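This report describes strand pairing, nonpolar cores and a surface patch. The sequence and structure are shown first.

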Amino acid sequence: LKQITEKVSIDDNDLLQKIAITAMTGKGAEANKEKLATLLVQAVKGVAEVSGGKVTVNLDDIKVEKRVGERADESELVSGLVIDKERVHSSMPKKVENARIALLDSAIEIKNTEIDAKIQITDPAQLNSFLEQEERTLRSMVDKIKETSANVLFCQKGIDDLAQHFLAKAGILAVRRVKKSDLEKLARATQATVVSNLKELTSADLGNAGLVKEEKVGDEEMIFVEHCQNPKSVTLLIRGGTEHVAEEIKRAVEDALGDLAAALKEGTVVAGAGAVEMELAKGLRIFSRTLSGREQLAVQAFADAMEIVPRTLAENAGLDPIDVLTKLRSAHDRGQLWAGINVFSGEVMDSWTSGVIEPLKVKTQALSSAAEVAEMILRIDDVILGGSTKQPPMPNPGMPGMGGMM
């Protein structure tokens, strides 16, 4: 496999798109695979990090969000984040340009005491001063946020109703109960710092985004954080006409993302359509001639097993598997390295020029896993067979003393 592999780089857009299209073929996203493949390649390139000639892609940096109600070809890539939340107060701005973003993982509420305590109020004036102090505390919290010049706030915990009012008056767009994972993605996308103590918040902790807006997607409001200068976190907004369609497209997209990440990490790809398996089978048969006895038969059996993949492709396409395998063997014997099966015409095609490309990692992983499973089954089989010969013979019901079992 390593001898026949081809190289792929992060700058090879055409090849990367073919890898994504191959991964989505035959799944729910097939109708829009070209459009989705373009978005996927942009997303992967947006979060990829190159260090010492090695490319690493952290798939956690690519958020896949699905929404029901629109066509799949209206899916889009947001250079930033889409968060499934809405503004906490209707008076807050729906759109903030040149956003200065504060990220908090503490609540903007009056804290309860750590110990059980009882406050006795004997005079209405005391009650008033108690409530006024609560209001002053909340106002000072909001003033602290205003001092940093933040105009957007994402809070992991709750925001008190009165604090919401003060934030709205200050023209700050606030979102509460944001998931921790989303807060971390926001930090990467906007270069903000997640602050645990509101008193410690400074202007240096703020992140930046060109635009933060609330927008209706389907039946729900969502917060879009867009136009980040160097977004290390992006969002793919996948759309589908029904829940089932959207889920299918999301699954296909996640498969394709995994393939792209694997291809870039290893930097090597091979052609699909059964071409690799046929070439492996050919190589194994040549190798088997160097052996003798049972070893030779074992290698030939392994070669036959390799041909199950193109055979299954042919059967699934309604083609005669014997005809297909004969044509493929003949093509590979003539030195056509990437000869694979065209399931639509039943003819042999050059898988590489036809754009059926897969990461080498997928092939090696599949082969090693399959071989290990086969080996495990053989070992278990041996244990069962070995154990069954040592079982004592069952007593004959007709023997003396077995009357109770008659």
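Two strands are taken to pair if DSSP finds at least two bridges between them; helices (H or I, at least four residues) and strands (E, at least two) are DSSP runs, numbered from the N terminus. The model is predicted, with local features needing pLDDT of at least 70 and side-chain atom pairs pLDDT 80 or more, while totals for chains, interfaces and linings use all residues. Residues are numbered from 1 along each chain as its sequence is written, and side-chain values use heavy atoms, without hydrogens and water.

A nonpolar core is a set of buried (under 20% relative accessible area, 1.4 Å probe, protein chains only) Ala, Val, Leu, Ile, Met, Phe, Trp, Tyr and Cys residues joined through side-chain atoms within 4.5 Å. The largest such core has 37 residues, of which M24, L40, L236 and V253 touch the most other members. Elements giving two or more residues to this core include helix 1 (13-24), strand 4 (62-68) and helix 6 (243-266). Helix 6 supplies the largest share, nine residues. A separate core of 23 residues includes L104, V142, L153 and I159.

On the surface, V373, M376, I377 and I380 form a nonpolar patch with about 360 Å² of accessible area together. Such a patch joins nonpolar side chains (Val, Leu, Ile, Met, Phe, Trp, Tyr) within 5 Å, from residues with over 30% relative accessible area and no salt bridge (a side-chain nitrogen of Lys or Arg within 4 Å of a carboxyl oxygen of Asp or Glu). Accessible areas come from the Shrake-Rupley method with a 1.4 Å probe. I380 belongs to helix 11 (residues 360-388).

Key: Buried means under 20% relative accessible area, exposed over 50%, partly exposed in between (1.4 Å probe, protein chains only). Patches are made of residues with over 30% relative accessible area and no salt bridge: like charges are joined within 9 Å, nonpolar side chains (Val, Leu, Ile, Met, Phe, Trp, Tyr) within 5 Å.
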